[in-house]
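This report concerns the arrangement of a protein model and some of its contacts. Please keep the sequence and the structure at hand while reading.

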There are 2 protein chains.
Amino acid sequence: MRVLVIGANACGAKTACRLKRLKPDWEVVLIDRDEEISYGACGIPYFISGDVPEETALRETSFHTVRDKAFFENAKGLVVLTKTLAQEIDRKNKVVKVKKLDTGEEETLSYDKLVIATGASPKVLPIPGKDLEGVYTISGLKAAVEIKQKIARGEVEKPLIIGAGFIGLEMTEAFSDLWGLPVTLLEYFPQVMPRILPLELAKIVENHLRERGVELILNARIKEILGKDGKVCGVKMEDGKVYEADLVLMATGIKPNSELAKKAGLLVSPLTGGIVVNERMQTSDPDIYAGGDCVEVRHLITGKKVLMPMGSLANRQGRVIANNLAGEFDTFPGTVGAFILKCFDLAIGGCGLTPEVAKFEGFSDVGHALNNQSERSHFYPGAEYAFYSLTYEKTTGRVLGFHAVGPFTDGTLARVHAISSILPFKPTVKDLIQLELAYAPPFNSALDPIHDTAHVAENQMEGRYKVLALEEFLKILESGDAEWMFVDVRHPKESEHLVKKYANYISIRYEEFRGRVNELPKNKKIVLLCSTSRRSYEIARFLSSKGFEHVFVLNGGLNYYRKWGLEF
Amino acid sequence: MRVLVIGANACGAKTACRLKRLKPDWEVVLIDRDEEISYGACGIPYFISGDVPEETALRETSFHTVRDKAFFENAKGLVVLTKTLAQEIDRKNKVVKVKKLDTGEEETLSYDKLVIATGASPKVLPIPGKDLEGVYTISGLKAAVEIKQKIARGEVEKPLIIGAGFIGLEMTEAFSDLWGLPVTLLEYFPQVMPRILPLELAKIVENHLRERGVELILNARIKEILGKDGKVCGVKMEDGKVYEADLVLMATGIKPNSELAKKAGLLVSPLTGGIVVNERMQTSDPDIYAGGDCVEVRHLITGKKVLMPMGSLANRQGRVIANNLAGEFDTFPGTVGAFILKCFDLAIGGCGLTPEVAKFEGFSDVGHALNNQSERSHFYPGAEYAFYSLTYEKTTGRVLGFHAVGPFTDGTLARVHAISSILPFKPTVKDLIQLELAYAPPFNSALDPIHDTAHVAENQMEGRYKVLALEEFLKILESGDAEWMFVDVRHPKESEHLVKKYANYISIRYEEFRGRVNELPKNKKIVLLCSTSRRSYEIARFLSSKGFEHVFVLNGGLNYYRKWGLEF
């Protein structure tokens with residue numbers, strides 16, 4: 001049996017190696033157009049930053065052997081053809097026409113089974129100036145090495161990044177944190193990580209970026225990239241404003257490398273551009289499998305086919321393909337889009353849908369619970385606050401998404417791991433409340449942040465108080481509308497400046513509230529305010545029993561505003 | 001409606017507060033025999049160590065108000081009776097007879113519904129000397145304050161702890177790490193954390209304790225506690241050996257405070273000593289609920305009733321009780337025993353059963369997969385190794401338990417959170433392989449340690465290689481049995497000392513193995529050795545295709561021995 005694998009990174013390399021372990025007698029041929037193969041592409045930002053000193057480290061095994069052609073041949077027993085471009089698949093004759101990029105020589109390789117793992121390419125914005133010297137995408141190790149050398153030579157003083165998604169944010173940190181370069185970050189949408197992170201959490205990231213010296217421009221409308229003597233010198237916006245730059249990095253998404261498959265007549269989705277595969281990762285030709293960034297996969301919350309170019313999924317898919325090739329039955333059912341990201345001192349993670357995307361995808365009656373609390377027991381030294389968001393369906397309680405922003409620990413990973421593990425099984429808010437989550441003071445509180453976030457959602461669903469969104473409250477507060485009254489229940493010292501600033505803003509401390517309830521007018525809309533909204537919730541329940549009908553609790557609490565950089 | 005809650009810590013305080021939020025009009029009375037209530041008992045070791053400076057910090061809210069009687073009355077609207085001992089429940093008349101401990105005055109309190117949350121007490125070993133001055137248990141805040149003051153006054157130079165379970169280990173660290181005291185730790189069983197942690201992981205903890213200067217005695221058979229002038233001065237063993245000590249702490253488990261319930265005729269389990277409750281946390285009297293350390297709960301893996309005295313479960317149960325009291329329907333289905341623990345520089349966690357306990361509980365054909373790998377991408381700076389254990393049923397693939405020991409990060413928590421979240425749903429090894437787990441290099445590898453641990457289990461189940469247990473290999477190696485041959489596939493420099501030391505120990509580097517296969521005899525039993533057993537597994541597959549029949553792979557890899565303090 002002869003199996004050809006096109007593409008020798010995450011999915012392709014995993015497929016080939018796993019298959020060779022399952023079927024040591026089979027001939028497994030791994031083809032790649034590059035010389036460098038099997039590199040940890042997700043590590044590129046850390047190579048550019050200098051955290052990872054040499055690019056070879058990204059291609060090393062954990063026992064420090066470089067994963068090159070010789071390694072895969074000698075240690076793994078594969079046949080490896082590097083600098084070899086797969087040009088055409090002849091499905092009738094079961095051969096792949098390839099071209100040796102060094103010599104230009106062409107040949108045909110026969111296969112019994114074929115695997116397409118051609119990955120994806122960065123999208124290039126179709127704007128004037130895109131081809132100037134100094135305009136980059138992160139398309140692989142070569143570009144990364146080039147950028148790093150340029151920085152190291154001192155040729156980069158003013159980098160500009162287009163796109164504040166995963167790559168854009170990681171590269172912002174790489175340039176800014178470790179090389180000390182002043183980064184300009186342009187984002188088309190009104191928030192960073194659009195469609196990935198709920199707005200309330202995105203604003204925390206935005207404030208953090210600005211605090212770390214990043215010039216962040218949201219709603220950026222780029223007209224063209226400006227050049228001088230063929231080299232990039234800036235980016236011009238539609239409104240005429242110019243941002244200087246001597247390096248421009250486009251991090252504006254990817255498109256699947258599905259041309260080869262398409263040319264061979266395999267089904268490629270016109271919507272996503274990804275190769276269509278079934279759950280066994282078979283293309284429309286049962287002898288041809290495909291996986292990794294070049295395929296589309298099912299989103300397990302929406303049921304729709306999507307692109308989800310993640311190294312973790314590519315590796316899992318590679319294993320599924322190998323198992324199926326070896327005669328087992330294995331499936332990759334789909335994804336909930338779990339992600340985790342380091343951004344300066346923050347860990348950002350999530351899975352499932354944001355409230356915005358859930359609404360867009362047609363979920364009716366989307367509920368949104370925000371929570372913030374200490375990552376560890378609040379008495380444990382060094383405990384920092386983290387921020388949590390739970391998106392759910394109000395009618396059924398079904399969990400649609402979970403997102404978190406916290407300090408750079410594994411705490412965010414812990415919560416995302418727990419939720420992404422059960423999310424495919426369609427849990428409800430009640431199921432989250434019933435999760436068993438280990439506890440000790442150095443790690444969390446007796447009720448984990450997951451529990452408390454789910455409690456917020458449950459209390460909202462049960463109608464135990466009226467919820468006021470963070471953005472909405474700011475508008476009401478600034479409007480000065482006398483119909484409203486704002487009651488800050490924190491220690492009076494914490495709210496002093498607000499009581500001074502706003503006419504209808506008063507302070508009644510939580511601990512004294514029950515004794516001072518008569519100070520409150522029943523004919524006004526009352527907003528209760530505190531750091532996490534826990535005290536406010538408790539008082540809202542008390543007020544409801546005293547006949548107050550229009551009592552609101554801020555969704556998330558004042559700590560959110562503080563993390564947005566507002567004075568609350 | 002008048003609800004009486006006996007016991008004002010984790011479960012009792014949670015029940016009372018939640019109920020008052022759900023039913024602000026109800027009268028909720030909280031009774032406790034102590035003056036200090038609602039303290040974070042799990043924080044006691046961190047108070048004693050000095051990490052938490054004042055005991056009041058353990059009783060504070062996150063907004064730094066002490067949770068005392070006045071707080072619960074003014075802020076929460078409860079009626080609180082401290083220093084009040086519940087002596088008898090008269091179920092017929094629905095009253096509780098209480099005694100004011102200050103005055104000796106007795107009175108009866110009526111109830112419509114009653115909640116028993118009386119907690120548990122530390123077990124005291126029935127040995128001579130147990131009543132000497134300087135012999136302690138951690139029974140509450142008072143003992144903790146006393147111990148800390150004693151240390152602070154310089155009266156403790158040689159503490160001795162009996163029992164290496166959760167409390168024993170945490171207190172060992174408290175004494176040793178932060179006060180610099182030389183701790184002697186005695187454990188009856190042949191390992192630390194017996195029945196909690198698999199032996200292979202326990203040995204890592206044991207080595208770490210010894211490296212940190214703890215005198216750890218396993219298989220300890222204590223005869224008596226020795227005293228001089230009424231004060232403790234040492235512990236004498238059955239074999240006559242004496243360990244000097246000026247403070248002895250018994251951390252030998254707990255017993256539920258179920259006497260009050262028993263006296264009232266409520267069902268109390270003769271096996272566990274815990275109060276019997278249904279899933280709604282109702283006792284055998286439907287008007288009386290019970291929760292926290294005084295009840296027994298269902299273990300979701302064995303189906304048996306067990307004691308599981310955990311602050312996290314007590315809080316969750318308190319919420320369930322409050323919901324049921326308020327007229328909702330809520331359940332606490334049981335526990336998988338999830339735990340997490342800091343021990344010096346280690347994070348130790350797990351859920352479900354260890355292999356030893358699984359066999360003891362009657363599971364047939366218990367499989368055990370060991371894995372070790374870098375917690376983060378191996379190229380990410382500062383990445384450390386962590387150690388993982390997966391217990392499963394070979395016939396069905398059902399996951400029975402998961403345990404981990406890693407550096408003191410939240411990485412162990414992340415893995416335990418993921419597994420404990422799905423464990424109640426009876427996942428198989430295959431289900432773990434299919435978990436979606438977020439990935440970025442600063443947090444993990446493209447396949448999370450959970451995946452790779454499950455892969456080991458799957459490869460074992462599928463019979464892809466013969467497994468050799470870590471303990472077994474050591475015996476064979478030392479026996480010098482010429483039937484066996486040991487092949488170390490790491491870099492020759494790593495195995496040099498072993499090749500010198502053992503006659504039948506040779507080195508063939510992984511990268512060269514396929515070309516040197518002829519050097520191996522087919523008539524011997526071959527054990528393949530490397531750091532994580534990944535390379536060994538790959539070569540075992542290769543050898544199987546070359547007609548080698550007796551090839552073994554070490555379960556877990558040589559890194560385990562290194563973490564046990566052996567030279568491998």
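What rotation, and what shift along its axis, superposes chain B on chain A? The model is a predicted one, and in it a rotation of 180° with 0.0 Å of shift along the axis brings chain B onto chain A, at an RMSD of 0.0 Å. That is the relation of a two-fold axis. Both copies use the same surface, since 99% of the contact residues of chain B recur in chain A.

**The interface between the chains**

The interface joins 73 residues of chain B to 72 residues of chain A. On the side of chain B that touches chain A, at least two residues each come from α1 (10–22), α3 (69–74), α8 (311–325), β21 (339–343), β22 (346–352), α10 and α15 (534–545). The element that gives the most to this side is α10(B), with nine residues. Sorted by class, the side of chain B that touches chain A holds 38 nonpolar, 22 polar and 13 charged residues.

How do the two α10 helices pack, and at what angle? Helix α10 (residues 411–422) of chain A and its counterpart α10 (residues 411–422) of chain B pack at about 25°, and their axes are 8 Å apart. Because angles under 35 degrees count as roughly parallel, α10(A) is roughly parallel to α10(B). The crossing of α10(A) past α10(B) is right-handed. From α10(A), the contact draws on Leu413(A), Ala414(A), His417(A), Ala418(A), Ser421(A) and Ile422(A); from α10(B), it draws on Leu413(B), Ala414(B), His417(B), Ala418(B), Ser421(B) and Ile422(B). The residues of this contact between α10(A) and α10(B) comprise eight nonpolar, four polar and no charged.

**A helix pair within chain A**

A further pair of helices lies in chain A: the axes of α1 (residues 10–22) and α8 (residues 311–325) come within 7 Å and cross at roughly 35°. The crossing of α1(A) and α8(A) is right-handed. Among the residues of α1(A) in this contact are Lys14(A), Arg18(A) and Leu22(A), while α8(A) contributes residues including Gly311(A), Arg319(A) and Leu325(A). By class, the contact of α1(A) with α8(A) has eight nonpolar, six polar and three charged residues.

| α10(A) and α10(B) | about 25° | 8 Å apart | eight nonpolar, four polar, no charged |

Is Pro159(A) buried or exposed? Pro159(A) belongs to strand β10 (residues 159–162) of chain A. Pro159(A) has 26 C-beta neighbours inside 10 Å and therefore counts as buried. Apart from residues up to four places away in sequence, Pro159(A) touches Phe175(A), Leu181(A), Val183(A), Ala245(A), Leu247(A) and Leu249(A). The C-alpha atoms of Pro159(A) and Ile138(A) are separated by 14 Å, and these residues are 21 residues apart along the chain.

Gln191(A) is placed in the loop between β11 (184–186) and α6 (199–211) of chain A. With 22 other C-beta atoms within 10 Å, Gln191(A) is buried. Setting aside neighbours within four places in sequence, the contacts of Gln191(A) are Leu199(A), Ala202(A) and Leu218(A). Gln191(A) and Lys203(A) are 12 residues apart in sequence, and their C-alpha atoms are 7.2 Å apart in space.

Methods:
Residues are numbered from 1 along each chain as its sequence is written. Chains are lettered from A and ligands numbered from 1 in the order in which they are written. This is a predicted model: local features need pLDDT of at least 70, side-chain atom pairs count only at pLDDT 80 or more; totals for chains, interfaces and linings use all residues. Axes are lines fitted to C-alpha atoms, for helices over the stretch in contact, and angles run from 0 to 180 degrees between N-to-C directions. Angles under 35 degrees count as roughly parallel, over 145 as roughly antiparallel, 65 to 115 as roughly perpendicular and the rest as oblique. A crossing is left-handed if the near helix is turned anticlockwise from the far one by less than a right angle, and right-handed if clockwise. Two residues are in contact if their C-beta atoms, placed from the backbone, lie within 7 Å. Ala, Val, Leu, Ile, Met, Phe, Trp, Tyr, Cys and Pro count as nonpolar, Asp, Glu, Lys and Arg as charged, and the others, Gly among them, as polar. Copies are superposed by least squares on the C-alpha atoms of residues with pLDDT of at least 70 in both. A residue is buried if 20 or more other C-beta atoms lie within 10 Å of its own, exposed if 12 or fewer, and partly exposed in between; C-beta atoms are placed from the backbone.
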